[in-house]
Amino acid sequence: MIHIAITGGIACGKSLAGKYLKDSGFAVADTDKFAKEVLKKNTEGAKEVVKAFGKGVVDVTSGKIDRRKLSEIAYSDSDKLALLESIVHPRVAKKVDVFLKESDLKGKDSVVMIPLLFEAGFEDGWNSIICLSSFMNVQLKRLEKRGIDNETGMKIIKAQLDDYAKRRKSDFVILNNGTKKTLKKQIDIVLN
């Protein structure tokens with residue numbers, strides 16, 4: 001079975017590409033969703049995060065990890081970001097392995113969206129790596145629509161491996177600054 005990794009910076013269109021590929025018959029997983037599962041209330045990952053970052057990252061009403069508060073802390077200090085990643089990434093990697101094995105057993109080709117593919121050291125074992133790339137001003141506009149201000153957006157973008165390095169390490173690059181239709185056409189070209 002074919003295993004494809006899709007990477008790229010925040011707000012470059014990975015989720016949209018994943019939806020399109022799922023509609024095209026691929027088994028699709030998103031490591032951002034796996035990371036959310038790792039941080040669910042009362043999981044080992046959540047407990048470890050609270051131990052490392054303190055009870056201040058827990059929403060007092062729901063008792064869940066306040067992901068926005070945790071992100072603000074992590075993206076303001078590279079050591080704290082590395083600590084968070086050391087808790088989350090190994091657990092996400094296990095979930096990716098399970099997903100790929102289950103997809104293989106079902107006879108389905110797989111796509112996994114991994115924003116931090118290279119940063120987390122997940123780049124080995126893929127048939128192909130596709131990098132989605134966008135101009136920074138396009139990323140910031142998309143983040144603004146998600147309720148993330150420019151200052152926070154810049155911190156997130158700068159904390160990730162720079163776009164050029166991701167493109168250079170990937171097998172295929174799709175520049176996604178345009179419409180959904182254009183993105184779909186580019187994906188079809190890569191798949192062919």
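Is Glu 48 buried, partly exposed or exposed? At 34% relative accessibility, Glu 48 counts as partly exposed. Buried means under 20% relative accessible area, exposed means over 50%, and partly exposed lies in between, with a 1.4 Å probe and protein chains only.

First, the ground rules. The model is predicted, so local features need pLDDT of at least 70 and side-chain atom pairs count only at pLDDT 80 or more, while totals for chains, interfaces and linings use all residues. Residues are numbered from 1 along each chain as its sequence is written, and side-chain values use heavy atoms, with hydrogens and water left out.

Start with the sheet. Five strands form an open sheet in the order β2-β3-β1-β4-β5, and the pairing is parallel. β2 and β5 are the edge strands, each pairing on one side only. Direction ignored, neighbouring strands are turned by 20 degrees against each other on average. Strands here are DSSP runs (E, at least two residues), helices are DSSP runs too (H or I, at least four), and both are numbered from the N terminus. Two strands pair if DSSP finds at least two bridges between them.

Now take β4, residues 128–133. β4 pairs with β5 in the parallel sense over four bridges. Ile 130 has Phe 172 as its bridge partner in β5. Ser 133 has Leu 175 as its partner there. With β1, β4 pairs in the parallel sense over five bridges. Ile 4 stands opposite Ser 128 in β4. How many residues of β4 are buried? Six of its six are, and the strand is mostly covered. Ser 128, Ile 130 and Leu 132 point one way from β4. Ile 129, Cys 131 and Ser 133 point the other way.

The parallel pairing of β4 and β5 runs over four bridges. α5 packs on the sheet and touches β1 (3–8), β2 and β3, and its direction makes about 160 degrees with that of β3. α9 packs on the sheet as well, touching β1, β4 and β5, and its direction makes about 165 degrees with that of β5. These angles run from 0 to 180 degrees between N-to-C directions; axes are lines fitted to C-alpha atoms, for helices over the stretch in contact.

The loop between β5 (172–175) and α9 (180–191) holds Asn 176. Asn 176 counts as buried, at 5% relative accessibility. A polar atom of its side chain lies 2.8 Å from the backbone oxygen of Cys 12. This is a polar contact: a pair of N or O atoms within 3.5 Å, where within protein one must be able to donate a hydrogen and the other to accept it, and residues adjacent in sequence count only if both atoms are side-chain atoms. Leaving aside neighbours within four places in sequence, Asn 176 is in contact (heavy atoms within 4.5 Å) with residues including Gly 13, Ser 134, Arg 142 and Leu 183.

Next comes helix α2. Its residues are 31–38, and the buried ones are Thr 31, Phe 34, Ala 35 and Val 38. Seen down the axis of α2, these fall within an arc of 100 degrees, so they line one face of the helix. That arc is taken over the directions from the helix axis to the C-beta atoms. What covers them includes β2 (27–30), α3 (44–53), α4 (67–74), α5 (78–105) and β3 (110–113). Asp 30 caps the N-terminal end of α2, with a side-chain oxygen 2.8 Å from the backbone nitrogen of Asp 32. Lys 36 also lies in α2. Lys 36 is partly exposed, at 46% relative accessibility.

The structure holds seven salt bridges. Each is a side-chain nitrogen of Lys or Arg within 4 Å of a carboxyl oxygen of Asp or Glu. One joins Glu 37 to Lys 95, the closest N and O atoms being 3.2 Å apart. That pair links distant parts of the chain: Glu 37 is in α2, Lys 95 is in α5, and they are 58 residues apart. Another joins Arg 91 and Glu 48, at 2.9 Å from N to O. Arg 91 lies in α5 and Glu 48 in α3, so the pair ties together parts that are 43 residues apart in sequence. Arg 167 forms a salt bridge with Asp 163, with 3.1 Å between the closest N and O atoms. Arg 167 and Asp 163 are four residues apart in helix α8 (residues 163–169), so about one helical turn separates them.
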